[in-house]
Protein chains: 2
Amino acid sequence: MRSNFLFLDTIINKVDAKGRVSLPSDYRAIVKETSSEIVCYRSLTSPCIEGCLEDLLDKLATEIETSTDFFSQTQDDLTNLIFGDAKRFPFDSTGRIGLTEKLLKHANITDTAVFVGKGRKFQIWNPENWEKEEARIRAEVLKNRPVLRPAPKEENK
Amino acid sequence: MRSNFLFLDTIINKVDAKGRVSLPSDYRAIVKETSSEIVCYRSLTSPCIEGCLEDLLDKLATEIETSTDFFSQTQDDLTNLIFGDAKRFPFDSTGRIGLTEKLLKHANITDTAVFVGKGRKFQIWNPENWEKEEARIRAEVLKNRPVLRPAPKEENK
DNA sequence: TTGCATCCCATAAAATCCCATGTTATACCA
DNA sequence: TGGTATAACATGGGATTTTATGGGATGCAA
């Protein structure tokens with residue numbers, strides 16, 4: 001009975017010859033509360049796979065509906081890209097999912113996958129690429145520290 | 001909804017061969033009110049481990065969601081950095097948590113850990129490093145804030 | 001049938017639990 | 001006030017469970 005929805009930590013797992021990989025048990029525990037499958041799609045901006053609960057995509061759909069025009073090119077493009085690419089991945093009794101060629105290729109993953117928690121979602125990376133990416137982010141954040149103080153909330157939009 | 005709690009004091013505990021260390025009982029008492037686990041991550045700026053309640057991360061998640069754009073690079077970077085590094089550490093019936101190699105290495109901790117209260121958070125240090133850090137902080141404060149002692153009003157007791 | 005995906009079992013490694021014991025802090029009593 | 005009994009806490013080590021992962025069996029579709 002926890003409403004905690006945070007994918008955390010960085011976990012390295014093997015991908016076997018069949019494309020199967022264990023979903024980290026922490027992640028499984030979260031997912032299990034509402035279903036037995038996750039949704040994955042190719043990241044729009046990085047060479048990695050993104051995963052989340054179907055919930056999030058649902059919210060995103062609503063979000064896109066309210067913040068872009070129904071007939072806009074933007075709405076068209078976003079919905080095509082995101083929902084056209086996303087796919088459900090049920091995990092088996094041992095907690096594994098079977099990733100597709102398309103996804104693995106996009107992330108350049110062969111035999112090892114790195115799961116990176118992102119709060120409401122997570123990413124799956126090729127180990128070397130993630131190493132570089134993490135270094136880049138750390139350098140970036142240290143250089144210009146973002147402001148994270150609670151800003152006065154605005155009621156518009 | 002609790003808001004009046006503070007991690008205080010400085011406590012030294014042993015880290016055993018399995019990486020286990022007792023969470024100071026004062027800290028445990030605080031945590032127990034809402035859960036049985038804490039969240040730890042590598043400090044971004046110091047060679048130490050930071051710990052807090054999951055609440056704090058959850059707030060942060062919401063915060064980031066509302067103050068940056070869903071598709072922005074900033075949101076991406078921040079969530080990767082924060083949630084990718086943080087991990088839940090449940091404590092067992094005797095009150096111990098099992099720290100990971102990654103964290104211990106970052107803080108240079110081998111067989112002894114120093115817990116330092118920081119209010120809503122706390123830090124875990126290698127003893128020697130903490131000693132130096134504390135001295136540094138004290139020196140810094142003395143140098144930059146020479147007026148720490150308002151002139152004593154009439155002596156009495 | 002052949003190829004592909006899922007299911008099931010086996011096993012090794014790692015994380016966790018549980019009991020025993022030493023140590024420190026607190027309570028109680030004379 | 002001092003000294004002892006009691007409880008709380010910290011810590012060590014072994015037992016148990018969970019998790020990750022390989023491989024084979026099974027079922028379905030083309």
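A:Ala86 is found in the loop between helix 3 (73-85) and strand 5 (87-90) of chain A; helices (H or I, at least four residues) and strands (E, at least two) are DSSP runs, numbered from the N terminus. The structure is a predicted model, in which local features need pLDDT of at least 70 and side-chain atom pairs count only at pLDDT 80 or more, while totals for chains, interfaces and linings use all residues. Residues are numbered from 1 along each chain as its sequence is written, chains are lettered from A and ligands numbered from 1 in the order in which they are written, and side-chain values use heavy atoms, with hydrogens and water left out.

Although A:Ala86 and A:Tyr41 lie 45 residues apart along the chain, their C-alpha atoms are separated by 4.4 Å. Leaving aside residues up to four places away in sequence, A:Ala86 touches A:Val39, A:Cys40, A:Tyr41 and A:Leu57, where contact means heavy atoms within 4.5 Å.

The description now turns to the interface. The size of an interface is often given as the accessible area lost when the parts come together. Chain B and chain A bury about 2900 Å² between them, 53% of it on carbon and sulfur atoms; buried area is the accessible area (1.4 Å probe) that two parts lose on being put together, summed over both. B:Phe71, B:Asn80 and B:Arg88 supply 21% of the area that chain B buries against chain A, more than any other three residues. The contact involves 37 residues of chain A and 30 residues of chain B.

Between the two chains, 12 residue pairs are in polar contact, both residues being at pLDDT 80 or more. A polar contact is a pair of N or O atoms within 3.5 Å; within protein, one must be able to donate a hydrogen and the other to accept it, and residues adjacent in sequence count only if both atoms are side-chain atoms. On the side of chain B that touches chain A, the elements giving two or more residues are strand 3 (37-42), helix 2 (54-67), helix 3 (73-85) and strand 5 (87-90) of chain B. Helix 3 of chain B provides the largest share, 11 residues. By class, this side of chain B has 12 nonpolar, 6 polar and 12 charged residues; Ala, Val, Leu, Ile, Met, Phe, Trp, Tyr, Cys and Pro count as nonpolar, Asp, Glu, Lys and Arg as charged, and the others, Gly among them, as polar.

Side chains of opposite charge can pair when their charged atoms come close. A salt bridge is a side-chain nitrogen of Lys or Arg within 4 Å of a carboxyl oxygen of Asp or Glu. The structure holds 25 of these over all chains, and 7 are found across the interface of chain B and chain A. B:Arg42 and A:Glu134 form a salt bridge through their side chains (3.0 Å, N to O). A:Asp9 forms another with B:Lys87, with the closest N and O atoms 3.6 Å apart. This pair crosses between chains, from the segment before strand 1 (10-14) of chain A, which holds A:Asp9, to strand 5 of chain B, which holds B:Lys87.

B:Asp9, in the segment before strand 1 (10-14) of chain B, has a positive phi of about 70° although it is not a glycine. A:Asn108 lies in the loop between helix 4 (101-107) and strand 7 (112-117) of chain A, and its phi, near 60°, is likewise positive in a residue other than glycine.
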